[in-house]
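Hi everyone, thanks for making time this morning. I'd like to walk you through one structure, so please have the viewer open and follow along.

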Amino acid sequence: MKLSIAGGCGDFGRSCFFISGNQHAYIVDCGTSTDGMDRVPDLTAEEIRSAEYLFLTHSHRDHTGAVEFAEEAGFAGQVMMSAQTYRQLSYKPKNAVIMDSTAPEVELLPDFVLHWGRTGHCCGAVWYAITCEGKTAFFSGDYREGDPFYRNDPVRDLAADIAVIDAAYPTEETGDAMRERFLARAEALLADGRPLILPVPRFGRGLSIAAALWARTGGRYAMAMDDRLLREWRTFARRKYFVKPSVWDVPVEAFRPWDGTHIGGPGAYFLTDAQLSHAESRQLADSAPEARILLSGSVHGYGRAKEYVESGRAEQVLWPNHMTYGEMRALAGANRFARCIPFHDPRRKPEALLYEF
């Protein structure tokens, strides 16, 4: 079997991996770049047409933004994903197949077996262990153990001939340490008595931060969510399959509705525009100079978040929605992976673009 890196390693997003053997071929993720140029994966027309399956780990556009491109280029296979990933996608694949959560191991063909589990990154995010022609490839997707909101199915004692593992943060620290640093800063800003704007994605860390911040402060501060995030909170705060039991200690009504257009006093305001891409978000921030802005993720090329950080209007403290290099090595050590390929860090170029396994 061969694994070709079509994006995602030493790159800004654009996660995509093409795997081929003597009889079968498949693709894992098909995203666009996050540098503002929306670059598509380095897949040839022949590779796209030969793939029988496209497996999506989750809905974020750096993993799914080029699915339509692949279909237009001749992909005619099945697009496998979880039900929540399908719900979250703005573009619905033509031949989507929803995986059954009660059947995490599926024989697609006599020599093609799929095994999957939850990653803890967002609702519907999954990892894959795919055995094809006698060889197993593991794909972590965006993987996070220990998240305060999302459940994770830990990967332990898994044998794989090759493993592509999330390693977005080039540090040795743990997610617990990163989480503590973020929460401590957010709490300090709230204690200052000024409004705190928290730009977050609709699907992902927003709910994790909200639940953890409320638990840490015990409801001492007013917290509000815009309509899109509040709908996600009300939908998933009590759904056992996705969330941890500790989330049930947070009252459903802990977060009040917010129209997202003006600041109404001190407290935390969750805004579903992680990159400050929308003019309305920037107008909101500019109209409330007394408000602090705390960014929790990487700043990408398609928004204005970077400008706000560079000007001092916003500050950035990363929330651990991925793994560090230290955690990647720990995960590899807890399993039996013959070869590991880290992905998601644009600063680390891959050793090669083609691997045989």
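Setting aside its neighbours within four places in sequence, Phe149 is in contact with Leu207, Ser208, Ala211, Trp233, Phe236, Ala237, Phe242, Val243, Lys244 and Val247. Keep in mind as you look that this is a predicted model.

Phe149 is also one of the residues with the most contacts inside the largest nonpolar core, alongside Phe182, Met225, Trp233, Phe255 and Phe270. That core has 38 residues. Which elements give two or more residues to it? They are helix 5, strand 13 (195-199), helix 6, strand 14, helix 7 (227-236) and strand 16 (267-271). Helix 6 supplies the largest share, seven residues. If you turn the model, you can find another core apart from this one, with 28 residues, including Tyr26, Trp116, Phe139 and Ile341.

Now zoom in on helix 5 and helix 6. Their axes come within 10 Å of each other and cross at roughly 65°, and the crossing is right-handed. From helix 5, the residues taking part are Glu180, Phe182, Leu183, Ala184, Ala186, Glu187 and Leu190, and they meet Ile209, Ala212, Leu213, Arg216 and Thr217 of helix 6. By type, the residues of this contact divide into eight nonpolar, one polar and three charged.

How many salt bridges does a search of the whole structure find? The number is 23, and I'll pick out a few.

Glu187 forms a salt bridge with Arg220, at 2.9 Å from N to O. Arg220 sits in the loop between helix 6 (205-217) and strand 14 (223-226), while Glu187 belongs to helix 5 (residues 175-191), so this pair ties together parts 33 residues apart in sequence. Are the two partners buried or exposed? Arg220 is exposed, at 54% relative accessibility, whereas Glu187 is buried, at 19%.

Next come Arg156 and Glu145, whose salt bridge is also listed at 2.9 Å, N to O. Both residues lie in the loop between strand 10 (135-139) and strand 11 (159-160), eleven residues apart. Arg156 is partly exposed, with 45% relative accessibility, and Glu145 is partly exposed at 24%.

Since Arg292 is in strand 17 (residues 292-295) and Glu315 in strand 18 (residues 314-316), the pair ties together parts that are 23 residues apart in sequence. Arg292 is partly exposed at 22%, and Glu315 is partly exposed at 22%.

Salt bridges can also be found as a network here, linking Asp11, Arg14, Asp35, Arg39 and Asp42.

Last stop, for those of you who like backbone torsions. Asp29 is not a glycine, yet its phi is positive, about 65°. You'll find Asp29 in strand 3 (residues 25-30), where it is buried at 2% relative accessibility. His344, another residue other than glycine, has a positive phi near 95°. His344 is in the loop between strand 20 (340-343) and strand 21 (354-356), and it counts as buried, with 12% relative accessibility.

Key: Residues numbered from 1 in each chain as written. Predicted model: local features only at pLDDT ≥ 70, side-chain atom pairs only at ≥ 80, totals over all residues. Heavy atoms only, no water. Salt bridge = Lys/Arg side-chain N within 4 Å of Asp/Glu carboxyl O. Helix = DSSP H or I, 4+ residues; strand = E, 2+ residues; numbered from the N terminus. Buried < 20%, exposed > 50% of the residue type's maximum accessible area, 1.4 Å probe, protein only. Core = buried A, V, L, I, M, F, W, Y, C linked by side-chain atoms within 4.5 Å. Contact = heavy atoms within 4.5 Å. Axes fitted to C-alpha atoms, helices over the stretch in contact; angles between N-to-C directions. Left-handed = near helix turned anticlockwise from the far one by under 90°. Nonpolar A, V, L, I, M, F, W, Y, C, P; charged D, E, K, R; others polar.
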